Amino acid sequence: TVDDFRLRNGEVLFRDLSLKEPIAIRAGSVSFETKGLSTLPQTEGSLTFALDLNQHSIINGEGVLSLTPVALKTKVEVSSIRLADFQPYVTEYSHVLVADGSLALQGDLDFDPEGPLRFTGASGITRLATKDDTQGEDLLTWNALQINGMALELAPFKLGVAEIRLD
């Protein structure tokens, strides 16, 4: 049993060299804290985490974590993920240039080995601007797309949405 574990001001650098245009993503100001974490079966410990992504996006959450079996129930909030930071992944499969746009997400993330990974909550993309990479012409733009009442499950994939608003 670990009564109290804290990681503060950590940093992780992820590089994907498998792409035509390699990408580097930096997670900074990483903090991770658990209390009451144990390998005893069915024991839950508390969990909090936070980090910035590429120095301008924030990801944080809090919840409970179990190690035996591995299970997670957490509230998560993601704000200001700059979509252009992930351009190499878009380029790998299309001729679309992501000129602008930010992703936000808030909700509950649940993982239980008896069932699928689940997310319930809301998400949105603001100030999206894309261009045709070969012609340089505007492709798709909007001020705000908001998706409310999301219910996402993986394995098998299921997605339910209560409301979609586009401005």
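Visitor: Does S38 count as buried or exposed here, and at what relative accessibility?

Guide: Keep in mind that this is a predicted model. S38 sits in the loop between β2 (23-37) and β3 (44-53). Buried means under 20% relative accessible area. S38 falls under that cut-off, so it counts as buried, with a relative accessibility of 4%.

Visitor: Which side chain makes a polar contact with the side chain of S38?

Guide: Leaving aside neighbours within four places in sequence, S38 is in contact with T1, T43 and L67. The side chain of S38 also has a polar atom 3.0 Å from the backbone nitrogen of L40. The side-chain to side-chain polar contact, at 3.2 Å, is with T1.

Visitor: What is the omega of the peptide bond that joins A155 and P156?

Guide: Most peptide bonds are trans. The one joining A155 and P156 is cis, and P156 lies in the loop between β8 (138-153) and β9. Its omega is about 0°.

Visitor: What is the relative accessible area of A155?

Guide: A155 is in the loop between β8 and β9, and its phi is positive, near 55°, though it is a residue other than glycine. Exposed means over 50%. A155 is over that cut-off, so it counts as exposed, at 67%.

Visitor: How much accessible area do the residues of the nonpolar surface patch have together?

Guide: The patch is formed by V70, F111, L117, L154, F157, L159, V161 and I164. One of these, L159, has its place in strand β9 (residues 158-160). Together the patch residues have about 720 Å².

How values were computed:
Residues are numbered from 1 along each chain as its sequence is written. This is a predicted model: local features need pLDDT of at least 70, side-chain atom pairs count only at pLDDT 80 or more; totals for chains, interfaces and linings use all residues. Side-chain values use heavy atoms; hydrogens and water are left out. Patches are made of residues with over 30% relative accessible area and no salt bridge: like charges are joined within 9 Å, nonpolar side chains (Val, Leu, Ile, Met, Phe, Trp, Tyr) within 5 Å. Accessible areas come from the Shrake-Rupley method with a 1.4 Å probe; for residues, only the protein chains shown count as cover. A salt bridge is a side-chain nitrogen of Lys or Arg within 4 Å of a carboxyl oxygen of Asp or Glu. Helices (H or I, at least four residues) and strands (E, at least two) are DSSP runs, numbered from the N terminus. Buried means under 20% relative accessible area, exposed over 50%, partly exposed in between (1.4 Å probe, protein chains only). A polar contact is a pair of N or O atoms within 3.5 Å; within protein, one must be able to donate a hydrogen and the other to accept it, and residues adjacent in sequence count only if both atoms are side-chain atoms. Contact means heavy atoms within 4.5 Å.
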